[in-house]
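I began with helix packing and then turned to the ligand.

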Amino acid sequence: MSDQRRGSPRSARSPRPGSSRASALASGRPSIRPSASSTGRSTGPSPTEPDSTDRSRAATSFSALFRSRTPGTVGIRRPRCAAPCGQSGNVDNSDDHRNCAKERLVRPGIPAPAIAEAITRLRAAGCVFAEEEAAVLSEAAGDEATLAALVGRRALGEPLEQVVGYADFCGVRVRLRPGVFVPRVRSELLVRIATNTESERPVVVDLCCGSGALGLAVRHRLPQAEVHAADVDPVAVACARDNLGGNVYQGDLFEALPEGLRGRVTILLANVPYVATAHIPLLPAEARDHEPHTALDGGTDGLDVFRRVASGAPDWLAPGGILLSEITETQEDQAVQAVRLAGLDADVIYDDDLEARAILGRKNVGGMR
Ligand SMILES: C[S@@+](CC[C@H](N)C(=O)[O-])C[C@H]1O[C@@H](n2cnc3c(N)ncnc32)[C@H](O)[C@@H]1O
């Protein structure tokens with residue numbers, strides 16, 4: 001797995017010239033291709049076959065944590081090495097870098113031997129980037145005893161973001177709680193599409209909000225937006241309240257929303273659980289063991305929750321309003337079908353650099369079900 005996919009400066013901010021993402025950014029719009037269904041193009045393996053992300057994640061192990069997290073998770077913005085190498089993020093293991101990493105690791109309140117011990121424990125647990133993780137954990141800990149406790153959790157496989165209590169996503173720092181889904185880099189695609197809007201005061205609902213990362217990122221980019229969020233999981237709801245303040249509701253999909261939103265929603269973000277049940281065992285242990293299955297498991301073909309969202313969306317969308325959800329390549333045809341069945345126009349949007357794919361459903365202006 002390439003380290004560059006992990007929200008690195010290139011993959012997160014500077015697309016390769018000529019890439020689909022570069023052209024999407026140049027035009028100020030995401031690249032929208034006709035859906036596979038409308039072109040009759042084959043979408044490859046059946047939905048029951050693990051997609052490439054599942055496979056690549058399953059192939060990685062705890063011994064390559066930073067790498068294994070590359071395609072999916074948002075991660076922590078790691079400090080730039082002051083001197084002499086000046087590197088940030090994913091670094092090599094040269095002696096030069098180790099020396100300057102050690103300098104950087106000196107923290108007030110944490111003696112050098114405690115940091116050395118943290119590095120040793122992290123390395124023994126299989127962390128390739130033990131120095132980097134030790135730096136992040138030391139910063140979060142502030143004192144020796146807390147550092148030892150955080151390292152212990154990390155060594156047992158808890159995601160780094162849950163251990164330190166935050167993830168950097170799409171230009172915002174998202175607070176996290178243990179047991180709450182860690183926002184993924186690829187979900188930036190949903191935020192980009194959502195914020196490419198001409199609406200003066202968009203009404204945004206972040207359904208299945210988890211930490212509220214999507215709503216928070218959208219509000220950061222569109223401060224005038226009216227943002228609401230909802231989740232079925234009380235821990236996620238509490239976490240989303242940490243991040244968004246008010247307008248966060250608990251309940252099953254649309255049942256959680258206040259009636260006053262019906263027919264008014266201009267952007268419905270729904271990053272639903274969409275892993276096919278049979279693929280759950282193939283996920284990395286970090287996800288399997290530390291993220292709730294309700295956040296991951298989307299049923300036989302991964303689209304159970306999405307189908308419910310699509311069928312309920314028209315009642316809540318304003319004319320011209322859009323529904324946005326992440327899907328996998330193998331889910332494309334079925335997702336398009338579900339959106340059309342609900343009476344919405346469907347498009348599939350890709351971002352090759354983010355390795356992301358979104359289904360967009362649009363309610364026709366003046367259109368009714
Ligand atoms: C894949 S996570 C996405 C979280 C967040 N939107 C993000 O992108 O980081 C899916 C979320 O959907 C929530 N969820 C699952 N089933 C739900 C339901 N029936 N109603 C509301 N939320 C649900 C889970 O609790 C979980 O927080």
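Entry 1, helices H8 and H9. In this predicted model I looked up how helix H8 (residues 130–141) sits against helix H9 (residues 144–155), and I found that their axes come within 9 Å and cross at roughly 135°.

For helix H11 (residues 188–195) and helix H12 (residues 213–221) I noted axes 10 Å apart and a packing angle of about 40°, which makes H11 oblique to H12. H11 passes H12 in a right-handed crossing.

I asked myself which residues come nearest to the ligand. Of the 18 residues around the ligand, these are Cys 208, Asp 231, Asp 252, Leu 253 and Asn 271. By residue class, I recorded the shell as 10 nonpolar, 4 polar and 4 charged residues.

Asp 231 places a polar side-chain atom 2.6 Å from an oxygen atom of the ligand, whereas at Cys 209 a backbone N or O atom lies 3.4 Å from a ligand nitrogen atom. For Val 232 I noted a polar backbone atom 3.2 Å from a nitrogen atom of the ligand. Taken on its own the ligand has 600 Å² of accessible area, and I recorded that the protein covers 95% of this.

Methods: Residues numbered from 1 in each chain as written. Predicted model: local features only at pLDDT ≥ 70, side-chain atom pairs only at ≥ 80, totals over all residues. Heavy atoms only, no water. Near = heavy atom within 4 Å. Polar contact = N/O pair within 3.5 Å; in protein donor to acceptor, adjacent residues only side chain to side chain. Areas by Shrake-Rupley, 256 points an atom, 1.4 Å probe, with all protein chains shown as cover. Nonpolar A, V, L, I, M, F, W, Y, C, P; charged D, E, K, R; others polar. Axes fitted to C-alpha atoms, helices over the stretch in contact; angles between N-to-C directions. Helix = DSSP H or I, 4+ residues; strand = E, 2+ residues; numbered from the N terminus. Parallel < 35°, antiparallel > 145°, perpendicular 65-115°, else oblique. Left-handed = near helix turned anticlockwise from the far one by under 90°.
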